[in-house]
Amino acid sequence: MAFLTGFVKSGLSLLSKDTNGLPYSLGDKVEFYDHPFWTLHHGSKKEDQSSVSIFVFDCNVHRDKIQMARNMFKRLRTLRHPDLLTYLDGVETEQAIMFVTEKVDPVSSQLNQNPDTNLTLWGLYKIANAIKFINNDCSMVHGNIRVNNVFVTRAGEWKLGGLELLSSMKDESPMILTFGGLVPDAQKYAPPEIKKSSWAAIRDLPVTAVDSYQLGCLIYEAFNRRWDTPDQLENQGAIPASMGPAYKLLIHPSPQLRGDADALLETGMRATRGAGGFFATDFIRVNLFLENISIKDQREKDVFFGKLDTVVDTFPAEFAMYKILPELVKAFEFGAGGAKVLSAILKIGEHMPTEEFDKVVLAPILRMFASPDRAIRVSLLENMPKFIDHLSDKVVCQQVFPHVATGFTDSVPVVREHTIKAILLLVPKLSDKIINYDLLKYLAKLQVDPEPGIRTNTTICLGKMAKNLSDATRKKVLIPAFSRGLRDGFHHARIAALLALGATADYYDPMDWCQKVVPSVSQLLLDKEKPVRVQAFKTLNLVLKKLEEESERMPETAIEPVQQQQPQQAGQQQGGPGASPSEVSPTNPAAAAGVSSMFGGATKGLADWAVSSITRFGTPSGEIEPQIVSTPDTKSSTDTSRPASIADRFAADESSVSASFDDDGWGNANEDLVQLEDNWEPLDNASQAPVKAEPISNLIPSKPSVAVSSFGSPTMSPHPRSSGVAAGSGMKLAHQKPLTSSLDTEIDTIQHTPTPSSMGAARTATSQTENDRKAEMDRKREERRKRMAELREKKKSGIGARKI
């Protein structure tokens, strides 16, 4: 055993040296190829590592068979036919004879796996066609037809080999006459007339006699696997009944009455009694058409490719991949098949390994994207889902998108529509620059396309690709684009815009929902088309639900908690530890004082503004004219709702007071501004009666020289202010002496300053009697006198209010 192993290794080493002159590498031996003097090896091409088969004859071991090996090598190089082994390269040396063919395996490997009947029939057709070529066209005899000399390609096609005895009867010394009996199983496959005499009798026989008999033996062995005696051939076995008569003619004992390969092919393709011949199957017809497609007219091609897409699924997978597919790719790329063949190509390519798909299918498809043929471009766009996964991001950006983008501006609407549908498959593989700039420019133009279906699909496309856009692009593009769709005259486009808004609602800011989405959608609630109205309500409900959720997450008020704490404490001091906000009366002086001390100069400045405006309502005598107080319109003094004005926001502890305003935001013109609070101290809850105010001149002491700023900074008044107000106000204090100091005028103004809290208190006084009001005004005058005294003290120390 060790001796045999060493012998094999030495032989392979020798053979590897002989292959140095060939651009092929010798691989492992095919163990299941049983031949007495040829060995079959796997091989590969050094340039691209493509698979090949290498036949090797060892001259040192089989010296008596060298002439047959050389005849095989010679005939294979000079005789070319699609159904014979395809010769690629070879070399002959003193040690060995080697020749390289396409990648093949012995046909026995296929027959042992119970192959598809279509493959077996197609294989026999191919072998019969090769024999017809040898006998009829070349006038030669093969003489060595058997299972061991038939090979199968990767596609499942049968190829005829074993040309060791191939010779012409016109030769001076035909090879078959000398060596016919030396080949393996020569007597088993010899026809009856040869067995009765010798191989020399071939000269007197028809040139087809020997090969026809051996073809019959091959048919029997293909369907029944093996046979041992000639008597077994008489039993048809598993041979199809339709092939029976033709088979019987092939093994006829008389060489003159024996059929031949040509007759077998003709009978197999001819229809008899309304039925097709045994070779007239869809599988064989498709293969024959593809082999001769170059000579078919366009009408025949159109009919063929229309039928192919429906029957290609019934073909054996390997055969379809490695035989039919290459033919279809040629027809697609070079114009014979056009766009109709692409569907069949991709259907077959689904079963291919990724590397082979990229090489065989994807490469020509990428080239065809540049085709000006609109039919091919539309077919590529329609079938893009079947091959998009095989395209890398780089290939899509550089080779596919530039050609696809031309479809956006195509003059044919069908091309534009299919381009929009296909772009969704390309978007995940496109770069951010292409998506956010180039692609959006095309889609913006398509939103105003004259075709309503294209406008609708453009809106749908934008909605589906929103997740691939950048945040800045979403905010800038989506809402304007969908708003345009909501105004589209085609109701399906409006529905698409509503659906897109609902699908992309998560990408918008809540303020965009309020200010842009809700107003736009609400216009379609009464659309003329019911489907639009239904979808508008669905979309609006969705947005409102999101707004409600957002509102729940917002704080109850924008006022900082620290600003609300002191008024709360002031209310608790008045109403006790458990006093609620409603128990804190707006007329409580302690509460108002707390508010005033809390907000300091800001509140004081606001009060100064309000007071400076009240002087317009003075009488000519310098007194404030009482007016009728209006009744609050909706809310009572115990209402705890949120303050409706800036002044109320500052007086947060007086939340029980609700003010009523006109639509212009300036309040009710009928309200008596005299009764409004001056923001210094809140009014008590006691009722007030309308009385005429005491002239301000009686309350003002002698003239100060420095005006007091509301922000605590004293300002010098270069000119004394004259009595009265501006002419534009239409009012004058006629009985008041001119003031010699700006501070006097400021005090005069402050005395009549209303505040929002006093406005609220005034509204609650509608039921008070006239006497109560007079008492209240007397009390207020006393308080103001005290206040004036405090201001004079401040003036002496340099602190005052700035004149407004």
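Colleague: At roughly what angle do the axes of helix H14 and helix H15 cross?

Modeller: This is a predicted model. In it, the axes of H14 (residues 317-333) and H15 (residues 342-349) cross at roughly 150° and come within 10 Å. H14 is therefore roughly antiparallel to H15, as the cut-off for that is over 145 degrees.

Colleague: And is the crossing left-handed or right-handed?

Modeller: H14 passes H15 in a left-handed crossing.

Colleague: Which residues meet there?

Modeller: From H14 there are Ala320, Met321, Ile324, Leu325, Leu328, Val329 and Phe332, and they meet Leu342, Ala344, Ile345 and Ile348 of H15. Sorted by class, this contact has eleven nonpolar residues, no polar ones and no charged ones.

Colleague: Is serine 343 buried or exposed, and why?

Modeller: Buried, because its relative accessible area is 16% and the cut-off for buried is under 20%.

Colleague: Next one, valine 361. Which helix is it found in?

Modeller: Valine 361 is found in H16, which covers residues 354-368. With a relative accessibility of 1%, valine 361 counts as buried.

Colleague: What does valine 361 touch?

Modeller: Not counting residues up to four places away in sequence, valine 361 touches Leu325, Ile345, Leu346, Met352 and Glu356.

Colleague: Let's move on to another pair. How do H22 and H23 pack?

Modeller: H22 (residues 471-486) and H23 (residues 491-503) pack at an angle of about 150°, and their axes are 7 Å apart. H22 passes H23 in a left-handed crossing. The contact is made by Phe482, Gly485 and Leu486 of H22 together with Ala493, Arg494, Ala497, Leu498, Ala500 and Leu501 of H23.

Colleague: What does that contact have by class?

Modeller: It has seven nonpolar residues, one polar and one charged.

Colleague: Last topic, cysteines. How many disulfides does the count come to?

Modeller: Zero disulfides. A pair of cysteine sulfur atoms would have to be within 2.5 Å to count.

Colleague: Is cysteine 217 buried or exposed?

Modeller: Cysteine 217 is buried, with a relative accessible area of 0%. Cysteine 138, at 22% relative accessibility, counts as partly exposed.

Note on methods
Residues are numbered from 1 along each chain as its sequence is written. This is a predicted model: local features need pLDDT of at least 70, side-chain atom pairs count only at pLDDT 80 or more; totals for chains, interfaces and linings use all residues. Side-chain values use heavy atoms; hydrogens and water are left out. Buried means under 20% relative accessible area, exposed over 50%, partly exposed in between (1.4 Å probe, protein chains only). Axes are lines fitted to C-alpha atoms, for helices over the stretch in contact, and angles run from 0 to 180 degrees between N-to-C directions. Helices (H or I, at least four residues) and strands (E, at least two) are DSSP runs, numbered from the N terminus. Angles under 35 degrees count as roughly parallel, over 145 as roughly antiparallel, 65 to 115 as roughly perpendicular and the rest as oblique. A crossing is left-handed if the near helix is turned anticlockwise from the far one by less than a right angle, and right-handed if clockwise. Contact means heavy atoms within 4.5 Å. Ala, Val, Leu, Ile, Met, Phe, Trp, Tyr, Cys and Pro count as nonpolar, Asp, Glu, Lys and Arg as charged, and the others, Gly among them, as polar.
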